[in-house]
Amino acid sequence: MDSKRTREPPDAWHMTDDLHVEHGKGDPFAAAIRATRMSMLITDPRKPDNPIVFVNDSFLRLTGYGREEVMGKNCRFLQGPDTNPASVAEVRAAVAEGNDVSIDILNYRKDGSSFWNALYISPVYNDKGDLLFFFASQLDVSDRKLSEQQIAADKERVEQAVKERTCELQAALETQTALLHEVDHRVKNNLQMISSLILMQSRTIQDEAVKQSLITMLERIEALSTMHRRLYQSQDVSKFDVSDFARDLVSDLLATSGRPQITSKLELEPIVVPAEKATPVALIVNELVTNALKHAFKDNGGSIGIKMTQPDGHLILEVSDDGVGMDGKATDGTFGMRLIRQLGRQLRAEVEWRNASPGTRVIVRMPNETEQKKETP
Amino acid sequence: MIEPLKVLIVEDEALLAMELECLIEDAGHHVVGWAMSSDEAKALVDTGQADIAFVDVHLADGPTGVDVAEHIRQSGRPMVVFMTANPKRIPDNFAGAIGVISKPYTMNGLMSALHYLQEGVRRPPPASVLPAGFALSPAFASAWAPSAG
């Protein structure tokens, strides 16, 4: 039905079967059209208002009209209150331009009931290009339309449900995030307050030893502060970047140690540990570095080395100095040493002190399953 | 010797303000005032004594630290450094501020930041390295630490 022109002389068909009348029934094509279960009609655009000049019985069965009620009428009587005006306009435009058109349109039967009509209209031209007829077929597709509408409605319902659920989850997530930020904010503020209290108390103390031990305590709390700040700066609060922490800590401790002749040498592979190990690891690093800073060097300078590697599922931390060495003096009794030992146990770490001559080297080796950071998906 | 800074503290926690005052004075600078709310802060800014204001984002009258920074930007003086436990609250343009010191800061971290800021305010750009725990706003990063990009 794609060709606008038929190859047959159009008159041939017309001449053998004047569609207005009953003769010509012998023509097999006309007979087929009359008998088919497909509803079909023909209109004559050369007559005023493009009237129907032929309908088959199927059309009459589909629409409920009698033949005499439809012959000579324009097809618009099939339209009704809920027929989409845009569809009507589309059909009208195709007819006006002599084009074919295929459209699903809501039509009405004689009894007022409606049906979805898969309408197909094609123009019939003669060899000279004159428009002779429009040939139209109608198919009741109400069932298909209904299931389409049902599917669309179902889809919309599901989409709506998904949207609502997504909104709920989003809101829950936002609440969680807000809560996390609030708690984080309070923890940070409280850490800051604890530091402030110790710092200000220490300033009023005359006894140098007492003052020193308060300062040491302040440094431990500040190590935790630095750890906490680092932890919540990262995207993933379940992982703690030890190497970034060590870098911050060392620069912080060295910067204002008042001893510019002490330098640091950092060899830090990017390594993360699970957040629950952050506190003990941070405290151990702090103890080892402050220990070296305080005890390794007399009044002259020196170098502190910090190395972190992760060769085989173990985090290896080495803190070394080129200072006076352990000089046999047992430091086992101090609180700092106990702290390192106990935290080491918690981390299932081996802690080893070596006389490095010159200086001291402490090696902490702890199991750490997490992979090295960087582009892990 | 670089001339010391005249500092305005805008902080609603008395304890933190006290400590900050101690540390600032220890470092040889002067604290010219302490405000707990945005109104107090704006009034103190308008006296025109301070070179630099340390502004907490959350003040006694709510999250108004950014307003204070905006007020300071319009007044043209002093310069602003935010101090907050929640740096994400700061707008992208930093309301014209130099940068942010994240809480909890350490005593040494704050001392380093003070030294850096003294150089930056008195003899920009600063000669020292940007201290850990102190982050520059995009505008000041390009002016003071262009290589750090």
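A definition to start: a residue is buried if 20 or more other C-beta atoms lie within 10 Å of its own, exposed if 12 or fewer, and partly exposed in between, with C-beta atoms placed from the backbone. Note that this is a predicted model, in which local features need pLDDT of at least 70, side-chain atom pairs count only at pLDDT 80 or more, and totals for chains, interfaces and linings use all residues. Residues are numbered from 1 along each chain as its sequence is written, and chains are lettered from A and ligands numbered from 1 in the order in which they are written.

Take A:V250. Is this residue buried or exposed? A:V250 is buried, because 22 other C-beta atoms lie within 10 Å. In chain A as a whole, buried residues are 27% of the 377.

A:V250 sits in helix α8 of chain A, residues 242–255. Helices here are DSSP runs of H or I with at least four residues, strands are runs of E with at least two, and both are numbered from the N terminus. Chain A has 10 helices and 12 strands.

What does A:V250 touch, leaving aside neighbours within four places in sequence? A:S264, A:L266, A:V289 and A:I306. Contact means C-beta atoms, placed from the backbone, within 7 Å. A:G305 lies 55 residues from A:V250 along the chain, and their C-alpha atoms are 10.0 Å apart.

Now the sheet. Five strands of chain A form an open sheet, ordered β7-β9-β10-β12-β11, with mixed pairing. Two strands pair if DSSP finds at least two bridges between them. The edges are β7 (262–268) and β11 (350–355) of chain A, each pairing on one side only. Twist averages 10 degrees from one strand to the next; axes are lines fitted to C-alpha atoms, for helices over the stretch in contact, and angles run from 0 to 180 degrees between N-to-C directions.

β11(A) pairs with β12(A), residues 360–367, in the antiparallel sense over six bridges. A:R354 has A:R361 in β12(A) as its bridge partner. α8(A) packs on the sheet, touching β7(A) and β9(A) (302–309), at about 175 degrees to β7(A). Helix α9(A), residues 278–296, lies across β7, β9, β10 and β12 of chain A, at about 15 degrees to β10(A).

Last, the chain contact: 25 residues from chain A and 19 from chain B. On the chain B side, α1 (14–26) and α4 (107–122) are the elements giving two or more residues.

Conventions. Two residues are in contact if their C-beta atoms, placed from the backbone, lie within 7 Å.
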